Amino acid sequence: MAPAKPDSPQAAMAPAVDVLLIEDNAADVRFFGLLLESAPTASSFRLRHAAALAGAMAMLQERQPDVIVLDLGLEESSGLATLQRLLAYGLRLPALVVMSGLDDEDVALEALQAGAQDYLIKGQIDSRQLARAIRHAIERHQADRAIAERTAELERSRELVRSLGARNARLLEEERRRIARELHDEMGQQLAALRMEIAVLRQGPAPAGAVPADAALTLLLERVDGLVVSIRRIVAELRPPALDGGLASALDWLVAEFERQTRLVCEIEVDERADLLSADAAAMIFRIAQESLNNIRRHAAASKVSLHLGRLGNGFELLVRDDGSGFDPSIRSTGFGILGMEERARALGGTLAIARRAGGGTEVRLQLPLSECDPGPLAAAPA
C-alpha cells in the first residue's frame, strides 16, 4: 500500500479531515502518511506537510486545518520550546497533537497544560491509535472552544448585570434625592406657609386692614388643594394609580399619555383576561410596554404605533410595533433600557425579542408563560 502523499485525496469515505503535519524528517513524514492511509475510520484524511514552523504558519493562514500534528524535535528547536514557538505566533490554532520520541510524563503534562489536546510517542502508535487521537483531539478542541465562548458570553452577561445593578442603584439614589427635593421645596414650603397662616387665624379677630377671615380660609383651602395635587403627582410617578384598576386600564392610561405627548394615534388591543394576571406579571408587562413606548417617542420618528396584549398558546404575548426608523438589535448602545427590559422578562421566566420589521420600524415581542402568571384564574377563564 502506497503511503498517503501530502495534499492527496484518500480512498476512504468523506468528510476528509484536514491534517497539517509539522515534521522535518522525510522518513517520518512518509510513515505518518502511511498510518493515516491505513487507518480504520469512517473519515478520510487530507495531509499537508511543513518542515518548519514558518512554512506551517503560511499554510495555516492560507487554510485552517482541522488539526495540527507537531513534532517537538524539529531542527530549528526541540522539546517544549518548539511548542512555545508555535504558540508565540499568536494565531488562532485548531486542534493540536504533539509528537515526541521521548516518553517523558513531565513534558507530556506541560504540553497538555500549554494547549495541546494529546501527546503521542513516536514508535508507540499504530494507525488505529493515530486516527483515534486525531478524532478525539478535534472533539476536545471543539468542546474547549465551546466552553470558552460560553464562558466569555457568561462573563459578558455578568458584566452587563453588574452594570445594570450599579445603574439601578444610581437611579434609585437619584430618585430619592429628587423626591426629597420635591418634598422639601414644594410641600415643605407649602406646609410652612400653611402653619403660619393658621397661627395668625388663632390669634383672634383680624386687625384693621388685614385680610378678612373668609379670604384667609379660602387661601388656606387653595394651599391644601395644591398639596393634594403635589402628593398625587409624586405618587403617580412612583406607581401609576391605573395599575390598581387592572392591567387593561393601566395600558389604556399609558397609551393615552403617549398619544397626548406625541400627538400620534396608538392602536391598542388588550385581552380582557389580562386583568387576571398576577400583580408581578402585570407590573412587568406595564413597565416593558412603558419603556417600549418611551423608546418610540424618543428615537423612532414613527407615524403608526400599535400595542397588543393577548393570549398565545399557554401564556400571554405583548407586541409593541411602530413604523419608524427601525432599530438594529445587534448594535447595543451604552443605554440600559433594553437590558432592563430583558432582565424584567427573565425574572418571570419570559422571553423578550426586539427585531427590525420587514416593512420598516421595530417590533418588541414579550412572551410570558402562563405558569409564571396566575394559572388558576386564567385556566378557568373562558376561551
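User: Which elements cover the buried residues of α1?

Analyst: This is a predicted model, where local features need pLDDT of at least 70, side-chain atom pairs count only at pLDDT 80 or more, and totals for chains, interfaces and linings use all residues. Residues are numbered from 1 along each chain as its sequence is written, and side-chain values use heavy atoms, leaving out hydrogens and water. Going by contact (heavy atoms within 4.5 Å), the cover includes β1 (17-22), β2 (45-50), β3 (67-71), β4 (95-100) and α5 (127-202).

User: Within what arc do the buried residues of α1 fall, seen down its axis?

Analyst: Buried means under 20% relative accessible area, exposed over 50%, partly exposed in between (1.4 Å probe, protein chains only). On that basis the buried set in α1 is V29, F32, G33, L35 and L36. Take the directions from the helix axis to the C-beta atoms: these residues line one face of the helix, because they fall within an arc of 160°.

User: W253 and F286 form an aromatic pair, but what angle lies between the planes?

Analyst: Rings of Phe, Tyr and Trp (its six-membered ring) pair if their centres lie within 6.5 Å; planes under 30 degrees apart count as stacked, over 60 as edge-to-face and the rest as tilted. W253 and F286 sit 6.4 Å centre to centre and count as stacked, with the planes at 25°.

Methods: Helix = DSSP H or I, 4+ residues; strand = E, 2+ residues; numbered from the N terminus.
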